[in-house]
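Open the structure in your viewer and keep the selection tool at hand. The tour below goes stop by stop, and each stop says what to pick.

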Amino acid sequence: RRLASFVRSSALGERFAKSLGCQGSGMLQCLRNKSSSRLISAQLSIYNQSMRGLQVPVQDGYELPVGKPLRSLYASGLVPPKPLLAGTNLNDSSLFFALTPKEILRGVLQQDLVHSINRFFVNTSSDVRRTIRQLYRPEAFGGERLALYALGTDGYFECSTRRVLQSMSSGTAVFHYIYAAQPVNAARALGLPGWLNFLMKAVPPLRWLGAFHTANEFLFWGAADPSSGLTAEERKLGLRMVNAWTTFVKGGHPWREFGRDEEHLVLDLGGDSLGRGWRASECDVLE
């Protein structure tokens, strides 16, 4: 199995170099002569092809022993678990999908969702990909666009967060949150002039961003700032977050522990709510 992984890694490395015009005996020097921006851009088309591949920590034989999952290191006590408060935003991936040229020009179609599943899970069986398509069927999320956002958020953000929480929960107190509050003024939350918010509400796909990546920080850091432009409800949510984080830092329990039931707190403008097993069925398949 290790030999197969090495052969595949070598083949990907050669594809990466070839995409930059570097081959043969001068490959290494050719790569060294490329700018950092070109190297990073070229990586996307070669290595960013598997959602599972991006979730897995690198077993380098030094920081992480080869053949020993991170979860087993926590369970064995070789890596002391630390108290942890971690979570994701409900629409964490929207900001990364919504601003692509294809989505701006024509939106998200069923074929785009199918293509993304096939690309993200290229090394899985057709049965697994069929199960994923069923889990993220558009009618369950309100359309193709939101189904794609949910898939991206779970695959790139939530499932990896859940895995870390599971790994550490056996030895210490860990807490899970889902931030679900959509900014009242999305433009201001993105660091833009507030008057641009009418565009955020009217122009697709900007009005579909939802509780996007970093939206929680706008409330968290602006809760006590009178110039932040937050509404009264947003300020209340921000202060609840600050109080919860402060409680955790002081060694307290901001809400119920993650534990075996995978409990979590949904943070929202209308009030917070406790739940269990957030996206558990989906993550069991995606991982």
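Select Cys-283 to begin. Its relative accessible area is 0%, so Cys-283 is buried. Bear in mind from here on that this is a predicted model.

Zoom in on the two sulfur atoms. They are 2.1 Å apart, and Cys-159 and Cys-283 form a disulfide. Look along the S-S bond of Cys-159 and Cys-283. The torsion about that bond is about -85°, so the disulfide is left-handed. Cys-159 sits in helix α10, residues 144-169. Cys-283 sits in helix α15, residues 280-286.

How many disulfides does a search of the whole structure find? The search finds 2. A disulfide joins Cys-22 to Cys-30, with an S to S distance of 2.0 Å. Both Cys-22 and Cys-30 are buried. Which hand does the disulfide of Cys-22 and Cys-30 have? The torsion about its S-S bond is about -65°, so this disulfide is left-handed. Number the bonded cysteines of the chain in sequence order, and the pairing reads 1-2, 3-4.

**Helices α8 and α10**

Go back to α10 and select helix α8, residues 110-120, beside it. The axes of α8 and α10 come within 9 Å and cross at roughly 15°. That angle makes α8 roughly parallel to α10. The crossing of α8 past α10 is left-handed. Show side chains at the contact. From α8, pick Gln-110, Leu-113, Ser-116, Ile-117 and Phe-120. From α10, pick Glu-144, Ala-147, Leu-148, Leu-151 and Tyr-156. Colour this contact of α8 with α10 by class: 7 residues are nonpolar, 2 are polar and 1 is charged.

**Phe-97**

Select Phe-97 next. Phe-97 lies in helix α6, residues 94-97. Is Phe-97 buried or exposed? With 15% relative accessibility, Phe-97 counts as buried; the cut-off for buried is under 20%. Leave out residues up to four places away in sequence, then list what Phe-97 touches. The neighbours are Glu-103, Phe-120, Leu-148, Tyr-149 and Gly-152. From the C-alpha atom of Phe-97 to that of Val-108 is 9.6 Å, and the two residues are 11 apart along the chain.

**Helices α13 and α14**

Move to helix α13, residues 215-222, and helix α14, residues 232-249. At what angle do α13 and α14 pack? The angle is about 85°, and the axes are 7 Å apart. The two helices are therefore roughly perpendicular to each other. On α13, select Asn-216, Leu-219, Phe-220 and Gly-222. On α14, the contact residues include Leu-237, Gly-238, Met-241, Val-242 and Trp-245. By class, this contact of α13 with α14 has 6 nonpolar, 3 polar and 2 charged residues.

**Two positive phi values**

Step back to Thr-214. Thr-214 is in the loop between α12 (197-202) and α13. Its phi is near 80°, a positive value in a residue other than glycine. Thr-214 counts as partly exposed, because its relative accessibility is 33%. Then jump to Arg-279, in the loop between β4 (273-276) and α15. Phi of Arg-279 is near 55°, which is also positive in a residue other than glycine.

**His-264**

Select His-264 in strand β3, residues 263-267. His-264 is buried, because its relative accessible area is 3%. Beyond four places in sequence, His-264 touches several residues, among them His-176, Ile-178, Leu-274 and Trp-278.

**The whole chain**

Clear the selection and zoom out. The chain has 15 helices and 4 strands. Along its principal axes, the C-alpha trace spans about 65 × 50 × 40 Å. Of the 287 residues in the chain, 40% are buried. Last, look at contacts with a separation of 6 or more: residues 24 or more positions apart account for 66% of them.

Terms used: Residues numbered from 1 in each chain as written. Predicted model: local features only at pLDDT ≥ 70, side-chain atom pairs only at ≥ 80, totals over all residues. Heavy atoms only, no water. Disulfide = S-S within 2.5 Å. Buried < 20%, exposed > 50% of the residue type's maximum accessible area, 1.4 Å probe, protein only. Axes fitted to C-alpha atoms, helices over the stretch in contact; angles between N-to-C directions. Parallel < 35°, antiparallel > 145°, perpendicular 65-115°, else oblique. Left-handed = near helix turned anticlockwise from the far one by under 90°. Contact = heavy atoms within 4.5 Å. Nonpolar A, V, L, I, M, F, W, Y, C, P; charged D, E, K, R; others polar.
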